Structure formats: structure tokens, C-alpha cells
Amino acid sequence: MHVQAHYDPAQDRIMLRLKNAAAADGTAVWLTRRQWTEIALACRRVAAALPPGDRADRPRKSVTGAGKEQAGGQRQGGGAAAAGTTVGGKGESRAAAAAASLVSRIRFRRLPSGLRIEIATDAPAPIALTLKGESLASFNEMVEGLAAKASWDLPAALSRMSQPGVAPKRVLH
């Protein structure tokens, strides 16, 4: 499966496009800032909990003097459920944006060697991404890269989300 993501500043959302290698068409969904942060938190937690041999430790992308990351191309890894990732550019078509579905719910399932993300939309069946090993690391890099491109303060949001919160008690009159 091939995954592309594109930040749309007008919508302040990220469009995630999933393309199957066997089919020419794909699925596109809009993710909000909060949903994107939930995905980032789940990826970090699972990556940190994996044993050192399963983490697919590899060097980070190099950063040029202009502050942009050099594209490393598609990466494959983690077995049959691997997902290559690339970041979509400004040439995203309006037709794809109009056909993208809104996400109603995201569920995470921890696997022995990775993470399964189920994205529910108005479609009858959820979209499932299974990330293992290097594909999890690559997907996590894409998540963090797009949050930075969108100027979202991902570290602050992750620290707020990882702390258990207690709703204040209110007195009703």
C-alpha cells in the first residue's frame, strides 16, 4: 500500500491518500489536527514499546541548509503489511480533495510487532493501515514532518494528550 499525505492550509487539515498497488484508484480522507495528533501519539507509544530489534533503527533523513528534508523515496519494510510513505506536494488535485471523506473515528490496535490504525468514515468498512518495523518508523516521520509543515506544535500537543486529565466538577443550579 502506498500512502500520501498533503497539508491544506485553507482547511487546516491533512488529506491522507491510500493507494493499493493492484488498483488504480485510491481512498482519500481528511484528518483534523486532533486526529493527526492522536495518530502521532499512538505511533510514538508503540515505537517506544517495541523491542530494540523490532524498531528498525535507521538514520534520520538529512537536513539541507535551506531547512528542507531531502526525500529518500519510498521505503518498504516490516513484512507483507508494510506501507511506503511519501509526502504529497502542492499539485494535489481539487477533484481528489472533493472526493475525500471526513473521518468519524480512529481506532488503534497494538500488534506484537507494530500498530494497526482503523479509520472509520461514511464507508461501510473502515480503512485499515498495518504498520510494522521500518514502515512504522517511516510513517511516524511523515506524521511529524507534516505537523511541522502545518506549524502545529506537535510536542506540546503530545504532552497534553499523554497526561490524564480530570474534568472539573461543576455545580448545576
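This note walks through a predicted model, point by point.

1. **Ground rules.** Residues are numbered from 1 along each chain as its sequence is written. The model is predicted: local features need pLDDT of at least 70, side-chain atom pairs count only at pLDDT 80 or more, totals for chains, interfaces and linings use all residues, and side-chain values use heavy atoms, with hydrogens and water left out.

2. **Overall layout.** The chain holds 4 helices and 8 strands. Helices (H or I, at least four residues) and strands (E, at least two) are DSSP runs, numbered from the N terminus. In sequence order the pattern is β-β-β-α-β-α-β-β-β-β-α-α. Of the 173 residues, 38% are buried. Buried means under 20% relative accessible area, exposed over 50%, and partly exposed in between (1.4 Å probe, protein chains only). Now take the contacts in the chain with a separation of 6 or more: residues 24 or more positions apart account for 56% of them. Contact means heavy atoms within 4.5 Å.

3. **Helix α1.** This helix covers residues 33-49, which is 17 residues. At 1.5 Å a residue the span should be 24 Å, and the end C-alpha atoms are 24 Å apart, so the two agree. The expected span is 1.5 Å times one less than the number of residues. Which residues of α1 are buried? They are Q35, W36, T37, I39, A40, L41, A42, C43 and V46.

4. **Helix α3.** Residues 133-149 form α3, again with 17 residues. The first and last C-alpha atoms lie 25 Å apart, close to the expected 24 Å. Its buried residues are G133, S135, L136, S138, F139, N140, E141, M142, V143, L146 and A147. An α-helix has 3.6 residues a turn, so residues three or four places apart point the same way.

5. **How α1 meets α3.** Two packed helices are described by the angle between their axes and the distance between the axes. Here the axes of α1 and α3 come within 10 Å and cross at roughly 145°. Axes are lines fitted to C-alpha atoms, for helices over the stretch in contact, and angles run from 0 to 180 degrees between N-to-C directions. The crossing is left-handed. That term applies if the near helix is turned anticlockwise from the far one by less than a right angle; clockwise is right-handed.

6. **The residues in that contact.** From α1 come W36, I39, A40, C43, R44, V46 and A47. From α3 come L136, F139, N140, M142, V143, E144, L146 and A147. They divide into 12 nonpolar, 1 polar and 2 charged. Ala, Val, Leu, Ile, Met, Phe, Trp, Tyr, Cys and Pro count as nonpolar, Asp, Glu, Lys and Arg as charged, and the others, Gly among them, as polar.

7. **D12 and its partner.** D12 sits in the loop between β1 (2-8) and β2 (13-19). This residue is not a glycine, yet has a positive phi of about 55°. D12 also forms a salt bridge with R33, with the closest N and O atoms 2.8 Å apart. A salt bridge is a side-chain nitrogen of Lys or Arg within 4 Å of a carboxyl oxygen of Asp or Glu. R33 belongs to helix α1, so the pair ties together parts that are 21 residues apart in sequence. Both ends are partly exposed: D12 has a relative accessible area of 27%, and R33 has 38%.

8. **S151.** Another non-glycine with a positive phi is S151, at about 60°. S151 lies in the loop between α3 and α4 (154-162). Is S151 buried or exposed? S151 is exposed, with a relative accessible area of 65%.

9. **A salt-bridge network.** By the rule above, the count comes to 4 salt bridges. R109, R116 and E118 are linked in a network. E118 pairs with R109, the closest N and O atoms being 3.1 Å apart. E118 also meets R116, at 3.1 Å from N to O. E118 is buried, at 11% relative accessibility. R109 is partly exposed at 36%, and R116 is partly exposed at 29%.

10. **A128.** This residue is in strand β8 (residues 127-132). A128 is partly exposed, with a relative accessible area of 26%. What does A128 contact, leaving aside its neighbours within four places in sequence? The contacts are M1, R116, I117 and E118. The C-alpha atoms of A128 and I117 are separated by 5.6 Å, with the two residues 11 apart along the chain.
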